[in-house]
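Subject: Handover of a structure and its findings

Dear colleague,

Please find below the structure that I am handing over to you. My findings follow it, and I would be grateful if you read them with the structure open.

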Amino acid sequence: MLTLLAACASDPPPVALTEVPIEHAPIVLVTLDTTRADRIGAYGHVAARTPNLDALAARGTRFSSAWAPVPLTIPSHSTILTGLLPPRHGVRDNGDHRLSEDATTLAEHFAADGRRTAASVGAFVTQSHWGFGQGFDVYDESLHVASESLSWHVERPANEVVAAADTSADFLWVHLFDAHAPYLPDPAFEDPYDAEIHRLDVALGVLLSTLPADATVVVVGDHGEGFGEGGEDAHGLLLEDGVLRVPLIVAGPGVPVGVVERPVSLADISPTILRLAGLPAPGDLDGRDLFDESERIGVYSETRYGHHHFGWTPLERLTADSSKLVRGARLEGDETLLAELDRLSSLPPAFAAAEATLDPSTVEQLQALGYLSEGGSGAHSGIDPRDGIEQIAKLAALRELPPAEALEAMAVLLAENPGWRDLRMRRGLSLARLGRTDEALAELTDAYRDGPGSTTAVTIGELWLRQGDPAEALGWFLEALTIDPRSATARAGQAQCLAMSGQLDAAQAVIDEGLAETPDHADLLLAGAVLALATHQGEEDWIEAVEDIVARRPTQARLNHVLGSLHLRAGHPEEAEQAFEQELRMQPGNVAARLDLVRLYQEQGRLVDVVKALRPLVALQPEEPVWQAMTASAYLEMGRAGLAKEHLLACAGHPACPE
Ligand SMILES: [Zn+2]
């Protein structure tokens, strides 16, 4: 431990730009998610076991004052990969936008020069869905997801991401997500966060050992993590040092050995890599070469998380050599930095931002995790997130309440904070779950008017479908598609509406068009399978696709029912039975699936099974004559008139009731 401290104290002196020659060797960019600079050995954290990062720092340049542009993964990576600040690339929160096709990414610069590019990423937030695949020949983003709807917090461990990385590429990007919460404890470490950082370091060591000797390596954290600074745990809402200051190390042939102490931005990575690769950098990047020592007033960071989710003010920060300024509802810090903060925060967009839609199952999951993402300015309360953070505890407390009480508490909070879009969405979804669809639609429609977003529009469309109103639903799916023309979920909804109104050819065309663009999208595949069932065409062809979706989303309602129906049509009664039973294990209240299973038993003359399968329906709705009639018929067929009697009495007078 003492040797680490000593190494820090005797760091080589600062380095200058002129010492760095242009190289054509491979370049490897490693982004470490949620990694604070002050938890790395080379940055002075004695409890860390990060020998690989420390050795890399010792043979390259360590930037001791590197600042993330946004304390959130998708916006920060959008900056790292483009050299543009968030006001320019337009991705300002997780989940609301994807990086536009109009952006030119690092990988696209390499590809345009005929060089090979590859990426291996470790989480949902860096999948190609967010626009990060642009320019990559190989984009390995496979996640071992038990369920797609859980994917926001499912990660691929660092060792697997590294194993999948194509180390022969001219430009390789590797994203390691391990340090993001939840932290996996390790008995060898007192602090589970340190254990995760150690795991990252081990994987990094493996990666470094497999790289060509002349590779240049850039390792950077995408943002840090809050450990109570300003009242924040995790990251996103505030702009304290802990969530913004990240490790940044550049090492390779010709890269000087030393420490750079002036503040640098993650926007600087892109122009630096382009120069190291001997590629021309566009003139309009916000970042500049990391080794450029000319004067700079400060580096820019922002977060709109509180603004998007709670209707609070945006936060912006300028970090200078020895001071900083943070602006929300009030200014705090060195006000001589105000003009530069103004300039950077009001940079005009470089291109139109591209909206992104989340499917409703992901929305529910985000909600369960305590955050939910959709852009939209929303009502503005003027509250500074630094003050509002105390209110967040009230949101967490809602989770402890029974559903009906939680709804009431949400209504009270909403009356006090009309700008809390997340809460309005959450209340709408809770109402929908309780079957109070009319109220849910009213709440969600209010939320949409307050700040239109494609995810909200899709959710409203799904609810109208549930209400059996495809015409109203169609309007909302089309609304979502005007905001996010690529949304597969909205297309699947559109197809479903068309099919329900008898426009089967039009529905097929929408599905075909969608699948041409996103061939594996579960919602579109499911819509295609349902349409095949409706048109009695090619059911067999859909079985494999639906089995694949079931594997990806094992808990999603209706999927096994659709799969069973396909099997039944294709003449596979055993598989059909298994799928129906699976559906009913997870959704005992799925009446349609239960009736299909009953019909299957009836066809096979399995009368005892018919009675057994009907029993939950009879128990649930004893006043429903059809269930009573079906049960009575089965008993009569078995010759058990005594047992049939009470059911005959219960259905007397109904046309389905046996004589
Ligand atoms: Zn991140």
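Which residues of the largest nonpolar core touch the most other members? They are Val-30, Val-174, Leu-176, Val-217, Val-219, Val-220 and Ile-273, in a core of 100 residues. Helix α7, residues 192-210, supplies the largest share of this core, with 6 residues. Apart from it lies another core, of 72 residues, which includes Ala-490, Leu-498, Ala-522 and Ala-545. As general background, nonpolar side chains tend to be buried together in soluble globular proteins.

Please keep in mind that this is a predicted model.

The chain as a whole

The secondary structure of the chain consists of 29 helices and 17 strands. Its C-alpha trace spans about 100 × 55 × 50 Å along the principal axes. The radius of gyration is 28 Å, which agrees with the value near 26 Å that a compact globule of 659 residues would have. Buried residues account for 52% of the 659 residues. Among contacts with a separation of 6 or more, 62% join residues 24 or more positions apart.

Helix α9

Why can helix α9, residues 269-276, be called largely enclosed by the rest of the structure? The reason is that 7 of its 8 residues are buried. These are Ile-269, Ser-270, Pro-271, Thr-272, Ile-273, Leu-274 and Leu-276. The buried residues of α9 pack against β1 (27-32), α3 (73-82), α5 (106-112) and β7 (216-221). Ile-273 has already been named above for its place in the largest nonpolar core. Not counting residues up to four places away in sequence, Ile-273 touches Ile-27, Leu-29, Leu-106 and Val-218. After α9 comes Gly-278, which has a positive phi, near 75°.

Helices α23, α24 and α25

Two helix pairs share α24 (residues 559-569). In one of them, helix α23 (residues 539-552) packs with α24 at an angle of about 155°, their axes being 9 Å apart. The two are therefore roughly antiparallel to each other, and their crossing is left-handed. The α23 side of the contact includes Trp-542, Ile-543 and Val-546, while the α24 side includes Leu-559, Val-562 and Leu-566.

In the other pair, α24 and helix α25 (residues 573-586) pack at an angle of about 165°, with their axes 8 Å apart. That angle makes α24 roughly antiparallel to α25. Here too the crossing is left-handed. Among the residues making this contact are Gly-564 and Leu-568 of α24, and Pro-573, Ala-576 and Phe-580 of α25.

Val-121

Is Val-121 buried or exposed? Val-121 is buried, because 31 other C-beta atoms lie within 10 Å, and the cut-off for a buried residue is 20 or more. Val-121 is found in the loop between β4 (117-120) and β5 (138-140). Leaving aside neighbours within four places in sequence, Val-121 is in contact with Thr-126, Gln-127, Glu-141, Val-161 and His-175. Val-121 and Ala-158 are 37 residues apart in sequence, and their C-alpha atoms are 9.0 Å apart in space.

Yours sincerely

Note on methods: Residues are numbered from 1 along each chain as its sequence is written. This is a predicted model: local features need pLDDT of at least 70, side-chain atom pairs count only at pLDDT 80 or more; totals for chains, interfaces and linings use all residues. Helices (H or I, at least four residues) and strands (E, at least two) are DSSP runs, numbered from the N terminus. The radius of gyration is taken over C-alpha atoms; the globule rule is 2.2 Å times the number of residues to the power 0.38. A residue is buried if 20 or more other C-beta atoms lie within 10 Å of its own, exposed if 12 or fewer, and partly exposed in between; C-beta atoms are placed from the backbone. Two residues are in contact if their C-beta atoms, placed from the backbone, lie within 7 Å. A nonpolar core is a set of buried Ala, Val, Leu, Ile, Met, Phe, Trp, Tyr and Cys residues joined through C-beta atoms within 7 Å. Axes are lines fitted to C-alpha atoms, for helices over the stretch in contact, and angles run from 0 to 180 degrees between N-to-C directions. Angles under 35 degrees count as roughly parallel, over 145 as roughly antiparallel, 65 to 115 as roughly perpendicular and the rest as oblique. A crossing is left-handed if the near helix is turned anticlockwise from the far one by less than a right angle, and right-handed if clockwise.
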